[in-house]
Amino acid sequence: MPLTVGTHAPDFSLVSQNRDKISLEDLKGKKSMIVFMPYPHTRTCEGEACEIRDNWSSFEGVDANVVMITTHAGPTNRDWAEDNDYPFPILSDYWPHGEVSRAYDTFDETFGYAKRTTYILDSDGVIRDVIASDVLGEARPFTSYLPAVESVT
């Protein structure tokens with residue numbers, strides 16, 4: 001079950017596909033969308049990530065940070081980002097495996113992946129909305145993202 005709206009998002013510091021360290025503290029000051037993704041290079045995950053990429057100007061237009069987190073190693077995330085020209089950072093929650101995903105209550109203990117959960121945060125790092133799919137192969141509704149980010153004040 002995802003974290004509760006109105007609570008502070010857990011702190012994290014992870015490395016992106018470009019080897020940049022990104023933390024929750026780096027996201028503060030702007031509204032943010034943290035997108036947990038189960039499996040890079042798979043149809044549903046790629047479809048979701050490409051939809052964000054294809055609508056990137058909309059997120060820039062509302063001055064929002066977007067980061068994606070997977071439990072896969074940096075080289076996998078780098079290849080996936082380069083193959084698809086993603087403009088947002090993809091952070092590796094590989095080791096300790098799933099530590100941040102666990103903190104955000106989105107880690108599947110049986111199979112070791114981050115569940116399909118998106119947290120919308122305000123500029124102080126408080127969770128303002130949660131968009132999730134409980135089915136591994138079922139995408140989150142992309143049409144929910146922009147209204148959720150826009151509604152954050």
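These questions and answers cover a predicted model.

Me: Is the pair of tryptophan 56 and phenylalanine 88 stacked or tilted?
Reply: The ring centres lie 5.9 Å apart, and the planes make 45 degrees. Stacked needs planes under 30 degrees apart, and edge-to-face needs over 60.

Me: How many residues apart are tryptophan 56 and phenylalanine 88?
Reply: Tryptophan 56 sits in helix α3 (residues 56-61). Phenylalanine 88 sits in the loop between α4 (74-84) and β5 (90-92). The pair links distant parts of the chain, 32 residues apart.

Me: Is tyrosine 86 buried or exposed?
Reply: Tyrosine 86 pairs with phenylalanine 88, stacked at 5.1 Å and 20 degrees. The relative accessible area of tyrosine 86 is 7%. Buried means under 20%, so tyrosine 86 is buried.

Me: In β9, which residue is the bridge partner of threonine 118?
Reply: Strands β8 (residues 117-121) and β9 (residues 127-132) run antiparallel, joined by five bridges. They form a hairpin with five residues between them, and glycine 125 in the turn has a positive phi of about 85 degrees. Across the strands, threonine 118 has as its partner isoleucine 131.

Me: How many charged residues are in the lining of the largest pocket?
Reply: The largest pocket holds about 190 Å³ of space. Its lining has 15 residues, and those closest to the centre are Lys115, Arg116, Thr117, Ser133 and Asp134. Seven lining residues are nonpolar and three polar; the charged ones number five.

Key:
Residues are numbered from 1 along each chain as its sequence is written. This is a predicted model: local features need pLDDT of at least 70, side-chain atom pairs count only at pLDDT 80 or more; totals for chains, interfaces and linings use all residues. Side-chain values use heavy atoms; hydrogens and water are left out. Two strands pair if DSSP finds at least two bridges between them. Helices (H or I, at least four residues) and strands (E, at least two) are DSSP runs, numbered from the N terminus. On a 1 Å grid over the protein atoms alone, a cavity is a set of points where a 1.4 Å probe fits but cannot get out, and a pocket is an open set with protein on both sides within 12 Å along at least five of seven lines; lining residues have an atom within 4 Å of a point. Grid points are joined across faces, edges and corners, and a volume is the space filled by probe spheres set on the points. Ala, Val, Leu, Ile, Met, Phe, Trp, Tyr, Cys and Pro count as nonpolar, Asp, Glu, Lys and Arg as charged, and the others, Gly among them, as polar. Rings of Phe, Tyr and Trp (its six-membered ring) pair if their centres lie within 6.5 Å; planes under 30 degrees apart count as stacked, over 60 as edge-to-face and the rest as tilted. Buried means under 20% relative accessible area, exposed over 50%, partly exposed in between (1.4 Å probe, protein chains only).
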